[in-house]
Structures are given as C-alpha cells and as structure tokens.
Amino acid sequence: MEYIEELGANAKAASGFLAGCGTKVKNLALGEIARLLNQNTEYIIAENKRDIENARKNGMSEAMIDRLTLNESRIRSMVVGIEGIIALPDPIGEVLGGGDLPNGLQVVKKRVPMGVIGIIFESRPNVTVDAAALCFKAGSAVILRGGSDALNSNKALTMLMRNAVSSVGAPKDCIQLVEETSRETANAMMKLNNYIDLLIPRGGGGLIRAVVNNATVPVIQTGEGNCHVYVDESADIDMAVNIVNNAKTQRPSVCNAIESILVHEKAAPEFFGKLDELWQGKVSVIGDERTSKLIRTDKIADDSDYAAEFLDYKLSSKVVGSVDEAIEHINRFGTKHSECIVTQSFENAEKFRSRVDAAAVYVNASTRFTDGFEFGLGAEIGISTQKLHARGPMGLEAITTYKYLINGNGQIRS
C-alpha cells in the first residue's frame, strides 16, 4: 500500500538522524513535548471530547470510554511520564560485553537503536505519547497506528509531538501517525519488512492475535491480560477483599486489572460474604456452583468465561481445594501477564511464585502495579506476555538491540 510505504520510507530516513544524535538533543525534544502538552491541555481535551461523543453514539461501553478519555490529570500523568524518561540514562552506546581474543581481535558488544518501531494499538490515546517518547529516547523512529475511535485525540497529540521534535532540529518524521485507520493499512503495516524493524501490538486479544498471526515483521506480543487473584486458605481476608476490589474496580478496562478470582474452600465463606457486602452487585460475577452458593452470580461459569478478558465490571470465579489446583487453573487459562496470591503461608507463596507462568507474579499486592511507570521505567511501550526477547513492562532497554564492533590489525581467518 503506497501510503504505508511512504510512512515507512520517511521513518527509515528519520531513524538515521536519531541513531547519530546524542542524549542532549533527545532530552531537549522530550522536554519540548512535555511543555507543549502542558500548554495545549484544553485543545487536547477538546479533540478528545469529539472522540468520546462519537464513541457514545456508536454504543461504546462506559468502561471502554474510560480507556478513551483524556482529562487534565491523565495529560499531567503523560507529562510526568515524559519527565521520567528524560531522567533515565540513555541506553544507546552502553557497552554490554566483549574483550580481547587470542588472535588479537578486540570485540565490543554495544547497545544500539532498533531503527523503526511500529505500534498498533486501540483506544487509549496516552499510548500515543508514551510509545513515541520511549522510542525517541531509545533512538528509534516510530509509526503509530491507533484505532479510529481515538483518531482526533491521536492526531492532536502527534501534531504537538512532531512540532516539538522539529523545534530542536530533529526530523518531524521521527514520529508519524497512520491517519487512515482501515484494516488494509494495518495489514500493510504488518508486512512492511523493508522499513519496520519491530512491531508491537497493544490492545485486546483480538487485535494481538491478528497481528501475531498475520505479521511478517518481527512482533513482540503484549497486553492481553486474563489476570487472577488466588485467595489462599491462610489469607488475611480483609487484605484479600481490598486487593481484589482494587485489582478489579480501580480501572477495570486495562490489561493489568483482574478478570478472575480463585478462592480456597476454607476461606470462601468469609471472603465472599465480605466481598458481596462491599460490591452489592456493582461487579457481575460468573462463578462455579460453589461460588454461586456464597455470592450473587449471573450464571454458572464455563471454560469460555474462565478464558475471557472482560475489561469491564465483570469477572469469573472458582472455589478450589488447594494452591496446586489454583496454579493449574491459572496456567491453563491465564495469558502470562500478572497473577497474585494472597496468603500468610511462605511455603504457598514460594510454590505460587515458582510455578505460575506469568511475566509478573505478586504476593499480597494488587496486579494493577504491573506498569512501566510503577516499576521505575519512566513509562512503558507495552507489557510483553512472551519470553523472547522482552518480558513484562517494556521500557527503554527492551526496544533496543545491539551490535558487535570488532577492531583488528590485519587478521585473516585460516
């Protein structure tokens, strides 16, 4: 597709500038992005309201509208994230290893930019800024392809960022937005091997699977979060209720919110009694027969419910007989994102940590902390649920690569 090819060629050309510019220029540009976002908060919110109005006309759920919404607080959070990225050490140029070989060759393994990174994402316009800022600091040009529901917000944010980087002498095309949000442009982007070095999808399971199954460009799988809390028989029940409530209701539309709870049969009566008293039907529960006897439920859960990422005030539940049963359930239905055990048993905590297959495993804390900013990465470009080459919240280092630099004095191989 000619339009996408042009974006790719522009990004490739801009990546050459980024590969050669220093930390000072990158930080100046990021500082200018932060300044323009602060200065244009009202404009950004006005453009975002256009998207929200369209979303409501199209019947989007309130939980998904929450993902789409920008306000002063969220714009300020984006600015704080950029300031955090500025404060981080520049990974480019870091020496990762090497040494002198017996034949006299000197080998240095050095961190370098990825080149051009493509991001395909849904709804959340804060991703536009987080991804662009991280890619820029990591020395790579970025092509952003958001969903049609956030197009006005994304255009406004991208325009401000392009103006900011241009003001310090960097090419505007270090940051580009795909403004044609058709399926055809997404498919073309997935096959742009001549220009894109890495593709990162962020969004629901359908989007992520579509990219993983169709892309010829290398992909890091991110985002889909069927996360669990297991309430052990030894759990502090008040703590467990508080963690479950936070992990489900604090912001249900994001990937690190829980979608399922597993409760030990000995803890279940007290736990569900207190949870029901707190929620009073606020969250729709789909549970097994044992759950349905302890808390109001909408239906008896089946495998499709246990595999679902609801992204809403809804979750599945199961009463289990042991920590082993909970681990087996999580490893069967989880998406390798974030999992939690609430327990006072050191033995069960260690068993859970060692046997649960996930990027982030918590003991006695909400899964909502799986976030690049919360982990001290400044911001994140996504949460990888795979094992090569990055896992968990991905900051600057996860979106770089390396090269070997070899110095000789005439050596030839015999």
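**Reading a predicted model, feature by feature**

Q: Does L311 count as buried or exposed, and at what relative accessibility?
A: L311 counts as buried, because its relative accessibility is 11% and the cut-off for buried is under 20%. Keep in mind that this is a predicted model.

Q: Where is L311 found?
A: L311 is in a loop. That loop runs between α13 (303-306) and β11 (314-320).

Q: What is the phi of L311?
A: It is near 55°. That is a positive value, and L311 is not a glycine.

Q: Which value does phi take in K336?
A: Phi of K336 is near 65°. Here too the value is positive in a residue other than glycine. K336 sits in the loop between α14 (323-333) and β12 (338-342).

Q: What is the relative accessible area of K336?
A: It is 31%. K336 is therefore partly exposed, since that class lies between the cut-offs of 20% and 50%.

Q: Which peptide bond is cis?
A: Look at the bond from L388 to H389. Its omega is near -10°, and the bond is cis. H389 belongs to the loop between β14 (383-384) and β15 (392-393).

Q: How do strands of a sheet pair?
A: They pair through backbone hydrogen bonds, either parallel or antiparallel.

Q: How many bridges join β9 to β11?
A: Four. Strand β9 covers residues 284-287 and runs parallel to β11.

Q: Where does N226 lie, and what does it touch?
A: N226 lies in the loop between α9 and β7. N226 counts as buried because its relative accessibility is 1%. Leaving out residues up to four places away in sequence, N226 touches E259, S260, Y306, A307, A308, F333, G334, T335 and E339.

Q: What shows where empty space is left?
A: Rolling a probe the size of a water molecule over the atoms does. In this structure, the largest pocket has a volume of about 760 Å³. It is lined by 31 residues, and those closest to its centre are S77, R124, N126, R251 and D371.

Q: Which elements give two or more residues to the lining of the largest pocket?
A: They are α5 (72-87) and α6 (126-137). The largest share, six residues, comes from α5. By type, the lining has ten nonpolar, eleven polar and ten charged residues.

Q: How much space lies in the second largest pocket?
A: About 240 Å³. Of its 13 lining residues, I120, E122, R145, A186 and L207 are the closest to the centre.

Q: Which elements supply at least two residues of the lining of the second largest pocket?
A: α8 (183-190) and α9 (205-214) each do. The largest share of that lining, four residues, comes from α8. Its residues divide into five nonpolar, four polar and four charged.

Note on methods. Residues numbered from 1 in each chain as written. Predicted model: local features only at pLDDT ≥ 70, side-chain atom pairs only at ≥ 80, totals over all residues. Heavy atoms only, no water. Buried < 20%, exposed > 50% of the residue type's maximum accessible area, 1.4 Å probe, protein only. Pairing = 2+ DSSP bridges. 1 Å grid on protein atoms, 1.4 Å probe; cavity = no way out; pocket = protein on both sides within 12 Å on 5 of 7 lines; lining within 4 Å. Points joined across faces, edges and corners; volume = space filled by probe spheres on them. Nonpolar A, V, L, I, M, F, W, Y, C, P; charged D, E, K, R; others polar. Contact = heavy atoms within 4.5 Å.
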